[in-house]
Amino acid sequence: MRKLLTALMATLGLLSGGLVAAETPAQYTELATPVATRDPGKIEVVELFWYGCGHCYQFEPYINEWSKTLPEDVNLVRLPALFGRLWDVHGQLFFALEALKAPHEVHEAIFNAIHQEGKMLATPNEMAAFLAPLGIDKESFLKAYNSFGVKTQMEKAKKQLMGYQVTGVPTLVVGGKYVFGVGQAGGAEAALQLADKLIEQERSASKAAD
């Protein structure tokens, strides 16, 4: 099991945005066709992640702390990257927990289980058994996991991911149009500083338009 997990983590290195300092200055890509945000009245920041991504796991405490400082006009949305196979399985896990309104501590426990305990959480039954001690009812979870609503969320997420034109995680998207990987920005702290800068840029543009 650990060998499989190690091989998987090595593979994700090809897809990961990374947390190490980049050799190039902080930068981002502006999409030619912005992706619609959930609430037009707020500045949206999307974090694209995968539970199995080591760099996402390392980024988690940074973005958790950052999220506590966000003003009311900023909306942080966490979105699983769906690149197939285990990525999609874990994405479906995320949306099932969202449907059950699970607290964020449950998501942190999943990261820890995968990266500290070597658990794959690759099947619904394995997930349900892991989640039960965390207060998530097994039958309720399995029902949510296989629900039409969760499958609909999966399809919407895949279309959204295509709109962002990303190939790796962790990645941030500000305002539905500014896209950058954490490694591309120069690391976790630099990425959040860049996000702050782009948030302010969006806020100023909105005021000018008014």
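Visitor: Where is Arg85 placed?
Guide: Arg85 sits in the loop between strand S3 (74-80) and H3. Keep in mind that this is a predicted model.

Visitor: Why does Arg85 count as exposed?
Guide: Its relative accessibility is 79%. Exposed means over 50%. The value 79% passes that mark, so Arg85 is exposed.

Visitor: What is the phi of Arg85?
Guide: The phi of Arg85 is positive, about 50 degrees, although Arg85 is not a glycine. Gln165 also has a positive phi, about 60 degrees, and is not a glycine either.

Visitor: Where is Gln165, and is it buried or exposed?
Guide: Gln165 lies in the loop between H7 and S4. Its relative accessibility is 62%. The mark for exposed is over 50%, so Gln165 counts as exposed.

Visitor: Step back. How many helices and strands does the chain have?
Guide: Nine helices and five strands. From the N terminus, their order is α-β-β-α-β-α-α-α-α-α-β-β-α-α. The chain has 210 residues, and 47% of them are buried.

Visitor: What share of the accessible surface belongs to carbon and sulfur atoms?
Guide: That share is 54%, on a surface of about 10800 Å². As for contacts, take those between residues at least 6 apart in sequence. Of these, 76% join residues at least 24 apart.

Visitor: Now the helices. How are two packed helices described?
Guide: By the angle between their axes and the distance between the axes.

Visitor: Why are H3 and H7 called oblique to each other?
Guide: Helix H3 (residues 86-99) and helix H7 (residues 148-164) cross at roughly 125 degrees, and their axes come within 9 Å. Roughly perpendicular covers 65 to 115 degrees, and roughly antiparallel begins over 145. The crossing angle falls between those two ranges, so H3 and H7 are oblique. H3 passes H7 in a right-handed crossing.

Visitor: Which residues make the contact?
Guide: From H3, Asp88, Gly91, Gln92, Phe95, Ala96 and Ala99. From H7, Val150, Gln153, Met154, Ala157 and Lys158. By class, this contact of H3 with H7 has six nonpolar, three polar and two charged residues.

Visitor: How do H2 and H9 pack?
Guide: At an angle of about 35 degrees, with their axes 10 Å apart. The crossing is right-handed. H2 brings Phe59, Tyr62, Ile63 and Trp66 to the contact; H9 brings Ala188, Glu189, Leu192, Ala195, Asp196 and Ile199. By class, that gives eight nonpolar, no polar and two charged residues.

Visitor: And at what angle do H2 and H4 pack?
Guide: Helix H2 (residues 54-67) and helix H4 (residues 104-116) pack at about 145 degrees, with their axes 10 Å apart. H2 passes H4 in a left-handed crossing. The H2 side of the contact has Gly54, Cys56, Tyr57, Glu60 and Asn64. The H4 side has His104, Glu108, Phe111, Asn112, His115 and Gln116. They divide into three nonpolar, six polar and two charged.

Visitor: Last one. Why does Glu202 count as buried?
Guide: Its relative accessibility is 15%. That is under the 20% mark, so Glu202 is buried. Glu202 is found in helix H9 (residues 188-209). Leaving aside neighbours within four places in sequence, its contacts are Ile43, Val174, Gly175, Lys177 and Tyr178.

Visitor: How far apart are Glu202 and Glu44?
Guide: In sequence, 158 residues; in space, 9.8 Å, C-alpha to C-alpha.

Conventions: Residues are numbered from 1 along each chain as its sequence is written. This is a predicted model: local features need pLDDT of at least 70, side-chain atom pairs count only at pLDDT 80 or more; totals for chains, interfaces and linings use all residues. Side-chain values use heavy atoms; hydrogens and water are left out. Helices (H or I, at least four residues) and strands (E, at least two) are DSSP runs, numbered from the N terminus. Buried means under 20% relative accessible area, exposed over 50%, partly exposed in between (1.4 Å probe, protein chains only). Contact means heavy atoms within 4.5 Å. Accessible areas come from the Shrake-Rupley method with a 1.4 Å probe; for residues, only the protein chains shown count as cover. Axes are lines fitted to C-alpha atoms, for helices over the stretch in contact, and angles run from 0 to 180 degrees between N-to-C directions. Angles under 35 degrees count as roughly parallel, over 145 as roughly antiparallel, 65 to 115 as roughly perpendicular and the rest as oblique. A crossing is left-handed if the near helix is turned anticlockwise from the far one by less than a right angle, and right-handed if clockwise. Ala, Val, Leu, Ile, Met, Phe, Trp, Tyr, Cys and Pro count as nonpolar, Asp, Glu, Lys and Arg as charged, and the others, Gly among them, as polar.
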